[in-house]
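Dear colleague,

Please find below the structure that I am handing over to you, followed by an account of what was found in it.

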Protein chains: 2
Amino acid sequence: MQSLQEKASEWSGVAASDAFAIDETNLFESLGGLQPFIDLSTNFYTRVYEDEEEWFRSIFANSKKEDAIRNQYEFFVQRMGGPPLFSQRRGHPALIGRHRPFPVTHQAAERWLHHMQQALDSTASIDPDSKTKMMNFFRHTAYFLVAGNEMTRQCQGVPRQHATDKPSA
Amino acid sequence: MQSLQEKASEWSGVAASDAFAIDETNLFESLGGLQPFIDLSTNFYTRVYEDEEEWFRSIFANSKKEDAIRNQYEFFVQRMGGPPLFSQRRGHPALIGRHRPFPVTHQAAERWLHHMQQALDSTASIDPDSKTKMMNFFRHTAYFLVAGNEMTRQCQGVPRQHATDKPSA
């Protein structure tokens, strides 16, 4: 059986070694601290909460934009070499478990990545080399969560919905 | 609704600030590298795979002991300030998702913690202060996973089994 990591690499087209190249340097330090991460997550969720694609925008409808921004940048800061802000406040990242309420399909992953690429493009406080590393990490992780989503939606052995199905909207 | 973190604190009796005191110092460096973590996980799984309680031992029956040891110490090393060995090989820790196949009940958490306390007691390469910090982290995390287990076993809104039920063995 393919592992989550193998599925993530195959579906994203990003090798694990490229995804986790974020660990080769301390990005939090090289980017100069918190602000670039706040900038990125603010740019990202500003796009998401205004997405013209209602099926994607609606995934986030039960969260406040400010909370979504904070949850995201605190996780990124913690994962990329900064202080463990996320765990201090919310505990383990537990990425698959925490994404369980959301339909993390291939299509949703691509829409997420589209907005993240645009958000990175418009974040001047992050240098191009770091952007490349971060995008590889994001792409691999998005498909890791698609794989996790398929796994957790299997109820008593029967898949509830194949994760590549198009949303009904 | 109580968060995973709040449930973990209430059920374990360990405040989040005590659980994540492991982040106040770099335990990997202060313990002198990999060996103490290998010692601990070897001691732990040697006990687990020989547990006289069959219901607990059987939870691990589908994994090889050497694999269980490596998965565990690579995660501990990564989480406690060392190199990201776990993610390089297996991806995100995704603690709740990866524990989904296992019945992480209150009783299983206590049995796990019992063996871990004994394993720590018999690991001379870890100093007493670090043992206390690690045990607080383990206790909180065990109940974080009990909370995660309850969450992920809810199939289409109906709990499959209440996680405090005793195992049938």
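In this predicted model, a polar atom of the side chain of R100(B) lies 3.3 Å from the backbone oxygen of M151(A). R100(B) belongs to the loop between α8 and α9 (106-121) of chain B; helices (H or I, at least four residues) and strands (E, at least two) are DSSP runs, numbered from the N terminus. Leaving aside residues up to four places away in sequence, R100(B) touches M151(A), T152(A) and Q154(A), and also T152(B) and R153(B), where contact means heavy atoms within 4.5 Å.

As to conventions, residues are numbered from 1 along each chain as its sequence is written, while chains are lettered from A and ligands numbered from 1 in the order in which they are written. Local features need pLDDT of at least 70, side-chain atom pairs count only at pLDDT 80 or more, and totals for chains, interfaces and linings use all residues; side-chain values use heavy atoms, with hydrogens and water left out.

The interface takes 28 residues from chain A and 28 residues from chain B. The buried area between the two chains is about 2300 Å², and carbon and sulfur atoms give 63% of that area; the term denotes the accessible area (1.4 Å probe) that two parts lose on being put together, summed over both. Eight residue pairs are in polar contact between chain B and chain A, both at pLDDT 80 or more. Such a contact is a pair of N or O atoms within 3.5 Å; within protein, one must be able to donate a hydrogen and the other to accept it, and residues adjacent in sequence count only if both atoms are side-chain atoms. On the side of chain B that touches chain A, α10(B) gives the most, with five residues.

Chain B can be laid on chain A by a turn of 180° and a shift of 0.0 Å along the axis, with an RMSD of 0.0 Å; the superposition is by least squares on the C-alpha atoms of residues with pLDDT of at least 70 in both copies. The two copies are thus related as by a two-fold rotation axis. In chain B, the C-alpha nearest the axis is that of A94(B), 2.2 Å from it. The copies meet through the same surface, because 100% of the interface residues of chain B are also interface residues in chain A.

One of the salt bridges joins D23(A) and R79(A), whose closest N and O atoms are 2.8 Å apart.

Finally, the model scores ipTM 0.88 and pTM 0.90.

Definitions and conventions. A salt bridge is a side-chain nitrogen of Lys or Arg within 4 Å of a carboxyl oxygen of Asp or Glu.
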